[in-house]
Amino acid sequence: MGLKLYSNAQSRGLVIEWLLIELGAEFEKIELAYHTEMKSESYLKINPFGKVPTLVDGDVVIYEMPAICAYLADKFFDQGLAPALDDPKRGLYFRWLFFAAGPWDAATTDRALKVEITNEQKMHIGYGNFQDTYTALIQGLEQAQPYLCGEQFTVADVFVGSMLFWQLKMAEIESHPAIEKYLNSIKSRKNLRNNQALFSD
């Protein structure tokens, strides 16, 4: 059985499509409509959240973005989109995947919802507050050479880069020279240029 990607043209499923193209992987895309097909009884058995993307690979079902990214990078390891198990940058690679999925996603979501974290509450929040998380992001991007794991483009770049493209487009975050420099490197990817619908301004 081949890969199946449950997605929607207006969803973050586009990120996984970009990744699958980068990997040269064949897949079947199943387009689901919001509010109806995504909430159907049959689809909720696959993804109880009723959201996309969801990747199905035989009996394996994955519906968390960084999990899909990491799974595909390992499944198609010969494509070089993840550091080797004995590569010192493997830890950095995972750090970025989990930073984007955890602190960064939580901090930017709270900010969009106008949830303010007081100084007294910071110790109880994994990411502290938005400014702490933004500072960590910039500090990390300033060390990109040109990608998050040095000269090797990885699925961490697909995940983090796509989030930043979208958040800048939606004016959810302020730009910064480190962000612009990093995203300029991402824009040079041939597969991204050939799929301008993914993250065009």
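1. Cysteines to begin with. The sulfur of Cys149 is 13 Å from the closest cysteine sulfur, which belongs to Cys69, and that is too far for a bond. The whole structure holds zero disulfides, a disulfide being a pair of cysteine sulfur atoms within 2.5 Å. Cys69 is accordingly in no disulfide. Both cysteines are tucked away: Cys69 counts as buried at 0% relative accessibility, and Cys149 is buried with a relative accessible area of 2%. Buried here stands for under 20% relative accessible area and exposed for over 50%, with partly exposed in between (1.4 Å probe, protein chains only).

2. A word on what we are looking at. This is a predicted model, in which local features need pLDDT of at least 70 and side-chain atom pairs count only at pLDDT 80 or more, while totals for chains, interfaces and linings use all residues. Residues are numbered from 1 along each chain as its sequence is written, and side-chain values use heavy atoms, with hydrogens and water left out.

3. Now the sheet. It is open, has four strands in the order β2-β1-β3-β4, and its pairing is mixed. β2 (27-31) and β4 (60-62) stand at the edges with a single partner strand each, so one side of each has no neighbour in the sheet. From one strand to the next, the twist averages 20°. For the bookkeeping, strands (E, at least two residues) and helices (H or I, at least four) are DSSP runs numbered from the N terminus, and two strands pair if DSSP finds at least two bridges between them.

4. The angles run from 0 to 180 degrees between N-to-C directions, with axes as lines fitted to C-alpha atoms, for helices over the stretch in contact.

5. Gly24 follows α1 and has a positive phi, near 70°.

6. Aromatics next. A search of the whole structure finds eleven aromatic pairs. One of these joins Tyr147 and Phe153, edge-to-face, at 5.2 Å centre to centre with 75° between the planes. Rings of Phe, Tyr and Trp (its six-membered ring) pair if their centres lie within 6.5 Å; planes under 30 degrees apart are stacked, over 60 edge-to-face, and the rest tilted. Tyr147 is buried at a relative accessible area of 9%, and Phe153 is buried too, at 5%. Elsewhere, Trp96, Phe99, Trp104, Phe130 and Tyr134 make up one aromatic cluster.

7. Which residue lies over the face of Phe130? That is Arg111, at 4.3 Å from the ring centre. Phe130 is also a member of the aromatic cluster. Another charge over a ring is the charged end of Lys75, which sits over Phe76 at 6.0 Å from the ring centre. The criterion is NZ of Lys or CZ of Arg within 6 Å of the ring centre and within 35 degrees of the ring normal.

8. Backbone spots I would look at by eye: two cis peptide bonds. Val52 and Pro53 are joined by a cis bond with omega about 10°, and Pro53 sits in the loop between α2 (41-44) and β3. The bond from Gln145 to Pro146 is cis as well, with omega near -10°. Pro146 belongs to the loop between α5 (130-141) and α6 (155-169).

9. Last, positive phi outside glycine. His35, in the loop between β2 and α2, has phi near 70°. Is His35 buried or exposed? At 70% relative accessibility, His35 counts as exposed. Lys114 has a positive phi of about 60° and is found in the loop between α4 (89-112) and α5. Lys114 is exposed as well, with a relative accessible area of 68%.
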